[in-house]
Amino acid sequence: MRGFLASSIGVTCAAALALPLTLPASAAPSAAPATQSTSGARPASTTAAPDLPGSTQSLPLTPRTRDRTLGAAPEQGLTRADVHRFSLVGVTWTDPDTELRGRVQVRTRTTGTGNWSGWQDIDTHNEDHGADPGTAERDSGHVHGSTAPLWVGDSDGVDVRVRATRAETRTVGAVDEQPSVLPAGLHLELVDPGAAQAPPAGARAATNRNHNRTATPRLAPTELPALSKQATERELVALGHKAQPYIGPRPRIVTRHGWGADEKLREKGFVYTKKVKAAFVHHTATGNNYRCSQAPSVIRGIYRYHVKSSGWRDIGYNFLVDKCGTIYEGRAGGVAKAVMGAHTLGFNTDSMGIAVLGTFGSAKPSAAAVTAIARLTAWKLGLYGVNPRGKTYLKSGGGNLYRKGKNVRLNVISGHRDGFATECPGRQLYGKLGSARSTSARYQGR
């Protein structure tokens with residue numbers, strides 16, 4: 001029941017919206033997780049306790065000798081054919097403020113068939129995600145540098161290589177290329193998302209039975225059912241909240257309980273900001289080779305990677321969307337509340353992060369995913385009286401585009417790259433944000 005109250009139930013229905021939408025007086029950053037030392041040191045291999053769903057294997061990379069006559073850059077890697085089963089991979093290093101300047105590639109052996117995949121690139125530009133500088137989450141002493149995670153499917157063998165790029169140094173009349181230095185403490189993270197625990201009988205039904213009650217439901221719901229625009233408006237008024245002239249109908253949302261979040265992984269407690277003024281759209285860069293039925297597993301993998309490997313207090317995104325347009329609750333704290341995430345470095349305050357599962361540099365996002373972004377923002381921004389087609393000001397917490405303290409004018413629905421110099425959310429998804437803004441405003445009745 002505690003995990004239920006801490007998460008989405010707050011908005012399941014009457015019980016959820018009855019909880020305050022603003023920062024409670026008791027809300028404060030919680031203590032950092034005790035699963036990693038504050039020095040950043042980690043054991044060579046760590047696994048979850050047997051009674052917890054899923055596991056993480058953290059394996060140190062080792063230097064590999066390469067032919068210097070070819071001008072090759074330094075490389076570290078690892079080849080293992082005796083690992084526990086995993087489905088998601090990433091690479092981490094000790095200092096989160098150090099950039100990995102190089103290329104990370106991995107190939108994996110499929111469980112059952114024994115076939116090896118071809119080499120796949122792992123997105124190394126992940127420093128643009130995470131908690132804002134100077135926050136308790138960022139300064140906890142547990143955070144590591146990390147690549148984006150990559151979904152590879154059920155595997156039991158791995159081969160990884162990390163190659164540094166060559167940096168140019170200019171002297172009088174000459175240009176000399178020197179190998180970049182790879183970050184210290186490189187580890188390969190192999191994540192088994194675990195099997196989703198079967199929900200108790202009647203869990204989904206509990207959502208509807210308790211929809212108009214003020215008492216807390218006995219069972220944690222697996223989803224929040226969709227409401228019509230009129231029902232959404234009536235619910236807000238009935239619960240004593242200020243009526244908003246424009247609010248979109250609440251979409252169906254799969255709760256953390258619904259996608260199988262292990263609430264023992266994350267930190268206890270929640271951190272809130274004052275309001276939600278903007279939504280940043282992301283892609284997870286985990287690749288597009290997943291079925292919609294696997295989306296909960298992908299999310300459990302990302303969640304475990306963010307917490308156990310990157311050292312964050314919870315999954316970084318406030319919401320996630322799969323290629324079939326299903327919306328999932330992300331960071332815990334209540335889907336209607338202004339929960340502070342770790343998604344857009346420098347702009348996590350008064351914003352929410354929506355991540356579409358996949359990689360959209362060249363691949364186009366599905367129409368269903370773009371529509372889901374529009375439906376979600378129409379409702380969530382509508383709770384705070386915000387026009388999806390409008391502009392807003394956010395104060396930068398520090399980043400590579402805007403100095404700390406600068407008030408920045410942004411689209412209410414922005415791409416990650418609008419707040420930080422990054423490829424995220426990919427060229428193809430970024431190009432769909434104009435359509436998402438217009439559709440979201442239409443759902444609000446504007």
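Asp314 and Arg256 meet side chain to side chain in a salt bridge, 3.3 Å from N to O. A salt bridge here is a side-chain nitrogen of Lys or Arg within 4 Å of a carboxyl oxygen of Asp or Glu. Asp314 sits in the loop between helix H6 (295-309) and strand E15 (319-321) and Arg256 in helix H5 (residues 256-259), so the pair ties together parts 58 residues apart in sequence. The model is predicted: local features need pLDDT of at least 70, side-chain atom pairs count only at pLDDT 80 or more, and totals for chains, interfaces and linings use all residues. Residues are numbered from 1 along each chain as its sequence is written, and side-chain values use heavy atoms, with hydrogens and water left out.

**Salt bridges**

- Asp314 is buried at 2% relative accessibility, and Arg256 is buried at 0%. Buried means under 20% relative accessible area, exposed over 50%, and partly exposed in between (1.4 Å probe, protein chains only).
- Glu267 forms a salt bridge with Arg313, with the closest N and O atoms 3.5 Å apart. Glu267 lies in the loop between H5 and strand E14 (278-283) and Arg313 in the loop between H6 and E15, so this pair ties together parts 46 residues apart in sequence. Both Glu267 and Arg313 are buried.
- Salt bridges with shared partners join Arg64, Glu75, Arg107, Asp159 and Arg163 into one network.
- Asp121 pairs with Arg103, and their closest N and O atoms are 2.7 Å apart. Asp121 is in strand E6 (residues 120-122) and Arg103 in strand E5 (residues 102-110), so the bridge ties together parts 18 residues apart in sequence.
- Asp121 is partly exposed at 41% relative accessibility. Arg103 is partly exposed at 46%.
- The whole structure holds 18 salt bridges.

**Helix H4**

- Helices (H or I, at least four residues) and strands (E, at least two) are DSSP runs, numbered from the N terminus.
- In helix H4 (residues 229-238), the buried residues are Ala231, Thr232, Glu235 and Leu236. Seen down the axis of H4, they fall within an arc of 135 degrees, so they line one face of the helix. The arc is that of the directions from the helix axis to the C-beta atoms.
- Arg234 and Ala238 are exposed on the other side of H4.
- Gly240 follows H4 and has a positive phi, near 85 degrees.

**The second largest pocket**

- The second largest pocket holds about 400 Å³ of space. A pocket, on a 1 Å grid over the protein atoms alone, is an open set of points where a 1.4 Å probe fits, with protein on both sides within 12 Å along at least five of seven lines; lining residues have an atom within 4 Å of a point. Its volume is the space filled by probe spheres set on the points, which are joined across faces, edges and corners.
- There are 28 lining residues, and the closest to the pocket centre are Asp123, His283, Ala285, Thr286 and Thr359.
- E6, strand E8 (150-164) and H6 each give two or more residues to the lining. E6 gives the largest share, three residues.

**Backbone details**

- The peptide bond from Cys424 to Pro425 is cis, with omega near 10 degrees. Pro425 lies in the loop between strand E20 (413-415) and helix H8 (427-430).
- Ala285 is not a glycine, yet its phi is positive, near 60 degrees. Ala285 lies in the loop between E14 and H6, and is buried at 10%.
- Asp350 also has a positive phi, about 60 degrees, although it is not a glycine. Asp350 lies in the loop between strand E16 (327-329) and strand E17 (351-356), and is buried at 15%.
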